[in-house]
Amino acid sequence: MRIAVTGSIATDHLMTFPGRFGDQLIADQLDRVSLSFLVDDLQVRRGGCAANIAFGMGCLGLSPILVGAVGADFADYRSWLERHGVDCGSVHLSETYHTARFLCTTDTEHNQIASFYTGAMADARLIELQPIADRVGGLDLVLVSPNDPDAMLRHTDEARQRGIPFAADPSQQLARMSGEDIRLLIDGAAYLFSNDYEKGLIEQKTGWSDGEILDRVGVRVTTLGPKGAVIDRKGEPSLHVSPAPELGKADPTGVGDAFRAGFLAGLAWDLSLERCGQLGNLTATHVLERVGCQEYELGQQVFLERFTGAYGAEAAAEVAGFVRCHHP
Ligand SMILES: Nc1ncnc2c1ncn2[C@@H]1O[C@H](COP(=O)(O)OP(=O)(O)OP(=O)(O)O)[C@@H](O)[C@H]1O
Ligand SMILES: [Mg+2]
């Protein structure tokens, strides 16, 4: 099964300032702020929703097709993703802009001053799916994850027109998209992914009830944080998939993306929705245990052991035939 993962590709530059921002701000001179914070630490983390999801799928042994727009500075990131099995052959290279970048400085009181530079991400709206399908011999599923809003609408529209099944994953972009646009993103989707909070937001913004949404999508997958996930299909009872026990909590950023990676891997292997949810939960747990979205490693033996521990030997035997982690 050939899966195209469309969405953002970005890096996060995270700095820490060993003082308090408030101490540097002079109340009666805020109309001409000119400040530079000497920071102690710089962490550069690979991210972007599509890159995170494709990375997770690659770690499980798949070769997902990453679709998004980047700048000339992408070379190192590209080789990292390719080393993890991601097909970067259809990543669009902007001639003008740098890769999207999140810059954030945090002070000792956890106050943050941040900027998000969209950069090349805006060029994602120039990407057409058909040449990608031609290059890889057809697409079986297109995931539309957070990206330039015009790109999300275009990919969804093109998939619909060409009859390619698509999965809607609007998450972070729900906040800035209109109800009308969100309806266009999810109507007719084979799968709809969101977390619990976003599920309510989708209903509020589209004006469609829970049941009306289920009428319009094939399968709705809702992640519940520490409670795992729930999978719904029209006319069938909800399927709750319990979480995979975590070994520790380091940083929740990126757990949603990792869940999608595991879930899509299960779909690619034609496993049941329950196995898909279990794969999603266990992959997400690995991200929770590390700081950063792509800092985890999947080892074949440990992954299957943990899968057995969480979901039993029979379930693990089913996924063992497919999971091919790069590490033993
Ligand atoms: N404490 C936890 N223990 C085990 N699994 C967890 C825990 N928190 C999250 N998960 C896993 O991560 C999945 C996604 O979590 P969540 O619903 O919080 O996503 P999200 O809100 O989209 O996160 P984000 O957007 O920050 O990546 C859950 O379905 C579950 O599998
Ligand atoms: Mg999320």
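Lys199 is found in helix H7, which spans residues 196–206; helices (H or I, at least four residues) and strands (E, at least two) are DSSP runs, numbered from the N terminus. The model is a predicted one, in which local features need pLDDT of at least 70, side-chain atom pairs count only at pLDDT 80 or more, and totals for chains, interfaces and linings use all residues. Residues are numbered from 1 along each chain as its sequence is written, chains are lettered from A and ligands numbered from 1 in the order in which they are written, and side-chain values use heavy atoms, with hydrogens and water left out.

With a relative accessible area of 18%, Lys199 is buried (under 20% relative accessible area, exposed being over 50% and partly exposed in between; 1.4 Å probe, protein chains only). Its side chain makes a polar contact of 2.7 Å with the side chain of Asp210. A polar contact is a pair of N or O atoms within 3.5 Å; within protein, one must be able to donate a hydrogen and the other to accept it, and residues adjacent in sequence count only if both atoms are side-chain atoms. Neighbours within four places in sequence aside, Lys199 is in contact (heavy atoms within 4.5 Å) with Ser194, Asp210, Arg220 and Thr222.

Around ligand 1 there are 19 residues, of which Asn195, Thr223, Glu246, Gly256 and Asn281 come nearest; a residue is counted if one of its heavy atoms lies within 4 Å of the ligand. An N or O atom in the side chain of Thr223 is 2.7 Å from an oxygen atom of ligand 1. A polar backbone atom of Gly256 is 2.8 Å from an oxygen atom of the ligand, and for a backbone N or O atom of Gly254 the distance is 3.4 Å.

In strand E1 (residues 3–6), Ile3 and Val5 point one way and Ala4 and Thr6 the other, and all are buried. E1 pairs in the parallel sense with strand E9 (residues 141–144) over four bridges, pairing being taken as at least two DSSP bridges between two strands. Ala4 stands opposite Val142 in E9. A parallel pairing over three bridges joins E1 to strand E4 (residues 65–67), where Leu66 is the bridge partner of Val5.

The largest nonpolar core has 59 residues, and Leu81, Phe263 and Phe303 touch the most other members. Such a core is a set of buried Ala, Val, Leu, Ile, Met, Phe, Trp, Tyr and Cys residues joined through side-chain atoms within 4.5 Å.
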